[in-house]
Amino acid sequence: DKRHCEGSVTAVQSALDNDRAVRFYQMKVVMFMTAHLGLLELAEDMLNGGVRADEPVGYHPGKKWCSDRADPTLHLYAVHKATEEGRLELLRLFMSRYPCCIIVQNYKGQNALAIAT
(Lines give C-alpha, C1' and ligand atoms only; values in the text may rest on other atoms or scores of the structure.)
Protein backbone atom coordinates (compact mmCIF):
# COMPACT_ATOMS: atom_id res chain seq x y z
CA ASP A 1 0.00 0.00 0.00
CA LYS A 2 1.44 3.35 -1.09
CA ARG A 3 0.22 5.04 2.12
CA HIS A 4 2.69 2.96 4.14
CA CYS A 5 5.61 4.28 2.07
CA GLU A 6 4.36 7.84 2.44
CA GLY A 7 4.34 7.52 6.22
CA SER A 8 0.62 7.71 6.93
CA VAL A 9 0.43 7.17 10.68
CA THR A 10 -3.01 5.57 10.58
CA ALA A 11 -2.07 3.29 7.67
CA VAL A 12 1.10 2.12 9.42
CA GLN A 13 -0.62 1.68 12.79
CA SER A 14 -3.37 -0.40 11.19
CA ALA A 15 -0.80 -2.67 9.51
CA LEU A 16 1.07 -3.52 12.73
CA ASP A 17 0.72 -7.03 14.16
CA ASN A 18 -1.48 -7.77 17.18
CA ASP A 19 1.23 -9.79 18.91
CA ARG A 20 3.03 -7.41 21.31
CA ALA A 21 6.57 -8.60 20.59
CA VAL A 22 6.12 -8.67 16.82
CA ARG A 23 4.37 -5.28 16.90
CA PHE A 24 7.27 -3.70 18.81
CA TYR A 25 9.78 -5.19 16.38
CA GLN A 26 7.75 -3.82 13.47
CA MET A 27 7.70 -0.41 15.15
CA LYS A 28 11.52 -0.51 15.40
CA VAL A 29 11.70 -1.27 11.68
CA VAL A 30 9.30 1.60 10.98
CA MET A 31 11.47 3.91 13.11
CA PHE A 32 14.52 2.98 11.03
CA MET A 33 12.54 3.60 7.84
CA THR A 34 11.40 7.02 9.10
CA ALA A 35 15.05 7.95 9.59
CA HIS A 36 15.82 6.88 6.03
CA LEU A 37 12.84 8.64 4.48
CA GLY A 38 12.62 11.66 6.83
CA LEU A 39 9.08 11.02 8.08
CA LEU A 40 8.92 13.24 11.16
CA GLU A 41 5.27 12.66 12.12
CA LEU A 42 5.62 8.90 11.90
CA ALA A 43 8.88 8.98 13.88
CA GLU A 44 7.17 10.94 16.63
CA ASP A 45 4.35 8.39 16.68
CA MET A 46 6.86 5.54 17.06
CA LEU A 47 8.64 7.41 19.87
CA ASN A 48 5.28 7.89 21.60
CA GLY A 49 4.77 4.14 21.25
CA GLY A 50 7.94 3.44 23.21
CA VAL A 51 10.48 2.90 20.40
CA ARG A 52 13.86 4.54 20.93
CA ALA A 53 16.12 5.85 18.19
CA ASP A 54 19.16 4.70 20.14
CA GLU A 55 18.17 1.03 20.26
CA PRO A 56 18.94 -1.36 17.41
CA VAL A 57 16.24 -2.86 15.23
CA GLY A 58 17.46 -6.34 16.19
CA TYR A 59 15.96 -9.68 15.29
CA HIS A 60 12.38 -10.55 14.57
CA PRO A 61 10.97 -12.13 17.77
CA GLY A 62 10.67 -15.47 15.96
CA LYS A 63 14.46 -15.55 15.53
CA LYS A 64 15.59 -14.80 19.09
CA TRP A 65 17.69 -17.97 19.04
CA CYS A 66 20.11 -16.37 16.55
CA SER A 67 23.51 -15.18 17.70
CA ASP A 68 23.91 -11.39 18.04
CA ARG A 69 27.22 -11.71 16.23
CA ALA A 70 25.75 -13.54 13.26
CA ASP A 71 24.76 -10.42 11.34
CA PRO A 72 26.13 -6.96 12.16
CA THR A 73 23.43 -5.29 10.09
CA LEU A 74 20.97 -6.26 12.82
CA HIS A 75 22.59 -3.57 14.91
CA LEU A 76 21.02 -0.76 12.91
CA TYR A 77 19.98 2.38 14.77
CA ALA A 78 17.54 5.04 13.59
CA VAL A 79 19.78 7.78 15.00
CA HIS A 80 22.66 6.64 12.78
CA LYS A 81 20.47 6.37 9.69
CA ALA A 82 19.06 9.86 10.27
CA THR A 83 22.63 11.15 10.54
CA GLU A 84 23.70 9.39 7.32
CA GLU A 85 20.71 10.83 5.49
CA GLY A 86 21.19 14.36 6.89
CA ARG A 87 17.78 14.35 8.57
CA LEU A 88 18.41 17.18 11.04
CA GLU A 89 14.75 17.52 12.00
CA LEU A 90 14.70 13.89 13.09
CA LEU A 91 17.99 14.22 14.96
CA ARG A 92 16.53 17.18 16.86
CA LEU A 93 13.48 15.10 17.73
CA PHE A 94 15.55 12.10 18.83
CA MET A 95 17.86 14.26 20.93
CA SER A 96 14.94 16.08 22.55
CA ARG A 97 13.70 12.72 23.85
CA TYR A 98 17.05 10.97 24.45
CA PRO A 99 19.95 13.46 24.60
CA CYS A 100 22.57 10.73 24.88
CA CYS A 101 21.44 8.98 21.68
CA ILE A 102 24.25 10.61 19.72
CA ILE A 103 26.92 8.68 21.65
CA VAL A 104 25.54 5.20 20.91
CA GLN A 105 27.91 3.26 18.67
CA ASN A 106 26.93 1.23 15.65
CA TYR A 107 28.46 -2.13 14.71
CA LYS A 108 31.43 -0.29 13.19
CA GLY A 109 32.13 1.50 16.49
CA GLN A 110 30.90 4.87 15.18
CA ASN A 111 28.56 7.24 16.96
CA ALA A 112 26.35 9.81 15.21
CA LEU A 113 29.02 12.50 15.51
CA ALA A 114 31.61 10.30 13.80
CA ILE A 115 29.16 9.43 11.05
CA ALA A 116 28.37 13.11 10.46
CA THR A 117 32.01 14.02 9.79
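How many residues does helix 3 have, and how far does helix 3 reach from its first C-alpha to its last? Select residues 20-37, which form helix 3, bearing in mind that this is a predicted model. Helix 3 has 18 residues and spans 25 Å between its first and last C-alpha, close to the 26 Å expected at 1.5 Å a residue.

With helix 3 still selected, colour its buried residues, which are Val 22, Tyr 25, Met 27, Lys 28, Val 30, Met 31, Phe 32, Thr 34 and Ala 35.

Zoom out for the overall plan. The chain has seven helices and zero strands, and buried residues make up 38% of its 117 residues. Among the contacts with a separation of 6 or more, 60% are between residues 24 or more positions apart.

Next, select Met 31, Leu 42, Met 46, Val 79 and Phe 94, which touch the most other members of the largest nonpolar core, a set of 27 residues. At least two residues of this core come from each of helix 2 (9-15), helix 3 (20-37), helix 4 (40-48), helix 5 (78-85) and helix 6 (88-97). Centre the view on Met 31: leaving aside residues up to four places away in sequence, Met 31 touches Ala 43, Met 46, Leu 47, Val 51, Ala 78 and Phe 94.

Move on to helix 5, which is mostly covered, with six of its eight residues buried. Those to select are Ala 78, Val 79, His 80, Lys 81, Ala 82 and Thr 83, and the buried residues of helix 5 pack against helix 3, helix 6 and helix 7 (112-116). Following helix 5 you come to Gly 86, whose phi is positive, near 70°.

The last stop is the largest pocket, which has a volume of about 160 Å³. To display its lining, select Phe 32, His 75, Leu 76, Tyr 77, His 80, Lys 81, Glu 84, Asn 106, Tyr 107, Lys 108, Gln 110 and Ile 115. Which helix gives the most to this lining? Helix 5 does, with three residues. Coloured by class, the lining shows five nonpolar, four polar and three charged residues. Two of the selections above meet here, for His 80 and Lys 81 are buried in helix 5 and also line the largest pocket.

Terms used
Residues are numbered from 1 along each chain as its sequence is written. This is a predicted model: local features need pLDDT of at least 70, side-chain atom pairs count only at pLDDT 80 or more; totals for chains, interfaces and linings use all residues. Side-chain values use heavy atoms; hydrogens and water are left out. A nonpolar core is a set of buried Ala, Val, Leu, Ile, Met, Phe, Trp, Tyr and Cys residues joined through side-chain atoms within 4.5 Å. Buried means under 20% relative accessible area, exposed over 50%, partly exposed in between (1.4 Å probe, protein chains only). Helices (H or I, at least four residues) and strands (E, at least two) are DSSP runs, numbered from the N terminus. Contact means heavy atoms within 4.5 Å. On a 1 Å grid over the protein atoms alone, a cavity is a set of points where a 1.4 Å probe fits but cannot get out, and a pocket is an open set with protein on both sides within 12 Å along at least five of seven lines; lining residues have an atom within 4 Å of a point. Grid points are joined across faces, edges and corners, and a volume is the space filled by probe spheres set on the points. Ala, Val, Leu, Ile, Met, Phe, Trp, Tyr, Cys and Pro count as nonpolar, Asp, Glu, Lys and Arg as charged, and the others, Gly among them, as polar. The expected span of a helix is 1.5 Å times one less than its number of residues.
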